[in-house]
Amino acid sequence: MSILSTNKLRRLSLGFPTLDDVFTGFELGDFVVIRGNAASFMLSVLSVRAQLPVESGGLASSTVFVDGGNSFSPYEVAETARNYGLDCKTVLDKVYVSRAFTAYQLSSLVLDKVCPVLQKTRTKLLIVSDITALFLDRDMPKLEGRELFMNLCSKLSEIAVEKQTVVVVSCFQRNLSGQSLFFEAALFGKSNILIKLKKKGQVMSVSLEGHPCVKPFRIDLAVDPQYSYARAYGGASFG
């Protein structure tokens, strides 16, 4: 008879009661891809929920946020913190943000700089936003971009397992080019959980498209009408 470790029991739930009833969330070691027009919103939510106690569906952890798509919003994070009755400044101080403006910078952050930060801060949630955007830049050599992206995906998978960290990345489909489809295939192939979030009006559809243990499902959730996609920078920093 095996006994699960305390770490294994730590799960990061998504924070919507109806959804949490059918999906317990992410475990340490999961490599999660979230796609769809509500992905950025969910990254903000998870950045806050990670700081909640384990018994409340959090990880009792800070967040390391690698911003690859100019999408980190301190306003969304602060508003979410207020909704949970948390101090906004305290929450933002525990979100370590670093921006990347090129695919090379993004790769360097993940390949060389993230692990020391995770270890120093004992962070259990690593987020990479809009992971494919910079690799689709017209100035990025096609073959070099593919090799670099595959290395990036392999490293994220490695971090999830070896550092026992929840790794969450967002991905947005901009076109159906061969390069874009290649990146998606490489990313989906390395991840073990794939979720699609689509918001229309005050309804957000959550589709679990891939999971090693849970069957695919779709559920529609009512969301706050004040939900927005404000863009700005803030929080702590690294790199």
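Visitor: Let's start with T80. Which helix is T80 found in?
Guide: T80 belongs to helix α4, which covers residues 74–83. Bear in mind that this is a predicted model.

Visitor: Is T80 buried or exposed?
Guide: T80 is buried: its relative accessible area is 9%, and the cut-off for buried is under 20%.

Visitor: And what does T80 touch?
Guide: Leaving aside residues up to four places away in sequence, T80 touches V45 and V48.

Visitor: Since you mention α7, how many residues does it have?
Guide: Helix α7 has 21 residues, 142–162. From first C-alpha to last it reaches 30 Å, close to the 30 Å expected at 1.5 Å a residue.

Visitor: Which residues of α7 are buried?
Guide: The buried ones are G145, L148, F149, L152, C153, K155, L156, I159 and A160. Looking down the axis of α7, they fall within an arc of 160°, so they line one face of the helix. In general, an α-helix has 3.6 residues a turn, so residues three or four places apart point the same way.

Visitor: What does that buried side pack against?
Guide: The buried residues of α7 pack against strands β3 (31–35), β6 (125–129) and β7 (166–171), and against helices α6 (103–121) and α8 (178–190). On the face turned away from the buried side, α7 carries the exposed residues L143, E147, V161 and E162.

Visitor: And what follows α7?
Guide: Q164 follows α7, and its phi is positive, near 45°.

Visitor: Switching topic: what's in the largest nonpolar core?
Guide: That core has 41 residues, and F26, M42, L125, V168 and M204 touch the most other members. Helix α3 (residues 39–49) gives the most to this core, with 7 residues.

Visitor: Let me zoom in on V168. What does V168 touch?
Guide: Not counting residues up to four places away in sequence, V168 touches F26, V32, I34, L43, L46, L125, L126, I127 and V128. There is also a second, separate core of 33 residues, which includes V66, A100, L134 and I159.

Visitor: Now the aromatics. How many aromatic pairs are there?
Guide: The count comes to 7 aromatic pairs. One of them is F23 with F26: the ring centres are 5.9 Å apart and the planes stand at 70°, so the pair is edge-to-face. F23 and F26 are both buried.

Visitor: How do F65 and F72 pair up?
Guide: F65 and F72 are edge-to-face, with 5.0 Å from centre to centre and 70° between the planes. F65 is buried at 2% relative accessible area, and F72 is buried at 2%.

Visitor: And which rings form a cluster?
Guide: F135, F149, F182 and F183 are linked into a cluster by ring pairs. F149 is also one of the buried residues of α7.

Notes. Residues numbered from 1 in each chain as written. Predicted model: local features only at pLDDT ≥ 70, side-chain atom pairs only at ≥ 80, totals over all residues. Heavy atoms only, no water. Core = buried A, V, L, I, M, F, W, Y, C linked by side-chain atoms within 4.5 Å. Buried < 20%, exposed > 50% of the residue type's maximum accessible area, 1.4 Å probe, protein only. Helix = DSSP H or I, 4+ residues; strand = E, 2+ residues; numbered from the N terminus. Contact = heavy atoms within 4.5 Å. Expected span 1.5 Å × (residues − 1). Arc of directions from axis to C-beta. Phe/Tyr/Trp six-rings, centres within 6.5 Å; stacked < 30°, edge-to-face > 60°.
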